[in-house]
Amino acid sequence: MAPLLAALVNLNKRPYYIHWGVIQLSAANAVVILLMLVVFAAAVLVPFPKDRGE
Amino acid sequence: MTATWTSRVRERAEGSFPPEQLLPDRQPAYMASWVYVFGALTIAGLVMIILSGTVLALEGPQWYHGSRVGHFVNSIHLWSVELFFFCMVVHLWAKFFMAAWRGRRAATWVTGAVAFVVSVATAFTGYAVQSNFDSQWITTQAKDGMNAVGIGSWFNVLDYGQMLLFHVLLLPVAVVALTGLHVLFVRRRGVVPPIGSEGTVGPAGHWAGPTRRYDVLKELTVAFVVIAVLAVGLSIVFSSPDDREVTVQQWARAAPNDFVATATAELDGTSGSASYGAPYNHNGPGQKLGPLALQRWAGVTIPIDSADVFVVAPLRGVPGDAQLSGALSQWGGAPADQQGKWATDYDNALQKAPDNDPSKLTGGDYGPVPVMTGRLLQLAQSGGLDGALLAQGRFYATDYTRPLLFIADGTYLASLAQDQHLLGSQWGMMNETGRYPGQAWLWLYTFWYQVKPFSSSGNADALVWAVMMLLTLGLIFVPFLPVVRSIPRWVPVHRLIWRSWYGRGA
């Protein structure tokens with residue numbers, strides 16, 4: 001069980017930051033926000049399965 | 001037969017929530033978009049947070065800091081929170097573009113928006129009670145925002161015990177209650193029909209058009225499995241941050257000159273805490289919101305006499321040191337202006353000394369101050385000052401206001417935070433240590449501090465809080481805001497969400 005409890009990817013390192021004018025965003029937060037936009041767009045655009053029982 | 005209170009409530013409940021509405025197996029045919037699953041995913045995230053939080057509560061902080069299994073469950077809790085907010089934000093966006101408040105559904109929107117705001121507060125208290133470096137930094141910074149508008153006089157973010165109870169009891173109960181109310185409103189009014197199809201409703205406001213099969217329990221179960229797999233998977237892959245807390249001892253050993261300078265500033269009244277104002281003392285005017293001195297009006301509810309609390313009182317507890325006893329007697333017997341002159345002269349001399357090193361000072365009459373600050377440094381380096389500052393005259397201590405204020409008065413904690421990009425000027429409030437995502441949902445709160453007039457104002461905290469309160473009220477009451485509530489009609493996202501419904505007649 002022990003190996004499962006250690007991180008496979010170590011994020012305890014010096015962070016990356018995105019500087020754009022007044023905006024200063026950590027790469028991790030930027031990824032989360034970008035993922036939210038992508039997931040929202042996908043949820044809107046990807047066709048929903050038709051009701052096979054009708 | 002006369003109706004009883006109980007029978008009236010039961011009849012009202014049966015009329016508002018018939019079983020087929022509470023546990024539906026059919027839904028309107030227009031519900032054919034993936035955006036609809038994010039409500040269930042958000043609830044699944046909340047369930048996962050409560051389950052992992054319950055395990056953490058069963059075992060306690062020593063367990064989740066000190067054992068690998070405990071830290072793993074802590075990671076699940078953290079990632080569940082990230083997933084919960086992720087899904088809730090997508091749900092919120094979708095409902096905004098659907099104008100989901102139409103058809104007497106304003107209460108549904110309002111309860112959902114309030115649940116979001118209370119969730120942000122709950123997550124914040126979670127970050128405050130991590131009992132690690134991140135929580136030390138977050139709380140010492142956030143206190144200024146709370147204090148600036150008077151909230152800090154009773155909601156003390158530096159009081160670990162108070163924050164822990166808010167986090168594990170009061171706020172989760174509020175989030176669960178609001179979520180339950182929100183779901184009940186959804187079930188009562190039904191899911192909002194497509195824009196332009198509002199005419200296809202029955203007398204009770206429910207959809208009277210075509211329907212499709214739906215299984216609410218299956219949806220919730222699948223949503224929970226998805227969230228559970230993601231939370232556990234992210235915990236296995238990334239774990240979670242847990243930088244060790246900074247102790248007074250660590251500070252005194254790593255930066256002794258900064259420690260002595262801070263202790264001297266406590267004595268001469270120039271430290272951040274000594275000159276703060278309410279809720280700690282009357283030594284500063286506090287922040288204002290225009291003519292409103294909310295900070296001052298809230299009063300001094302957590303009295304801190306910096307010289308006495310951080311320096312003199314801990315030194316009185318040091319036994320068997322004749323030189324120190326003499327220094328304390330000299331200090332205690334001197335008038336206030338003499339005490340101030342000694343400390344100020346010593347403070348000025350330290351600032352001019354090479355590396356601010358007390359051992360490189362030459363000459364000067366500083367009275368008992370060098371002995372007092374030197375002995376305080378020794379006490380701190382031995383670890384004794386950590387306990388002395390935390391002691392509140394009782395065996396059990398859960399309020400870390402004093403040690404946190406003292407550590408934050410120095411520059412050591414801030415220098416560590418700067419390395420981790422956690423300073424306010426670095427958008428630090430939304431960041432996490434290392435390369436982990438933080439409280440991204442605080443982006444707007446953090447943003448205001450970066451731009452004028454907030455960035456250059458002495459009342460920045462009060463101003464930012466006022467703006468955020470207004471914007472939060474705006475979010476909650478979107479259904480009643482004339483222009484904002486019309487935006488979904490102008491932006492054709494709803495035509496994409498309901499494209500299969502709109503395309504039926506084509």
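What share of the contacts in chain B between residues at least 6 apart in sequence join residues at least 24 apart?

**Figure 1. Chain B as a whole.** Welcome to a predicted model. Here, 71% of the contacts between residues at least 6 apart in sequence link residues at least 24 apart. Chain B holds 24 helices and 2 strands. Of its 506 residues, 43% are buried. Taken along the principal axes, the box filled by the C-alpha atoms is roughly 95 × 55 × 50 Å.

**Figure 2. A cis peptide bond at B:Pro279.** Look for the link from B:Ala278 to B:Pro279: this peptide bond is cis, and its omega is near 10°. To find B:Pro279, follow the loop between α11 (256-268) and α12 (294-297) of chain B.

**Figure 3. A cis peptide bond at B:Pro453.** The peptide bond from B:Lys452 to B:Pro453 is cis too, with omega near 5°. B:Pro453 sits in the loop between α20 (443-448) and α21 (460-476) of chain B.

**Figure 4. B:His421 and its positive phi.** B:His421 is not a glycine, yet its phi is positive, at about 60°. You will find B:His421 in the loop that runs between α19 (412-419) and α20 of chain B. Is this residue buried or exposed? B:His421 counts as buried because it has 21 C-beta neighbours inside 10 Å, and the cut-off for buried is 20 or more.

**Figure 5. B:Trp427 and its positive phi.** B:Trp427, a residue other than glycine, has a positive phi near 60°. B:Trp427 also belongs to the loop between α19 and α20 of chain B. With 24 C-beta neighbours inside 10 Å, B:Trp427 therefore counts as buried.

Notes
Residues are numbered from 1 along each chain as its sequence is written. Chains are lettered from A and ligands numbered from 1 in the order in which they are written. This is a predicted model: local features need pLDDT of at least 70, side-chain atom pairs count only at pLDDT 80 or more; totals for chains, interfaces and linings use all residues. Helices (H or I, at least four residues) and strands (E, at least two) are DSSP runs, numbered from the N terminus. A residue is buried if 20 or more other C-beta atoms lie within 10 Å of its own, exposed if 12 or fewer, and partly exposed in between; C-beta atoms are placed from the backbone. Two residues are in contact if their C-beta atoms, placed from the backbone, lie within 7 Å.
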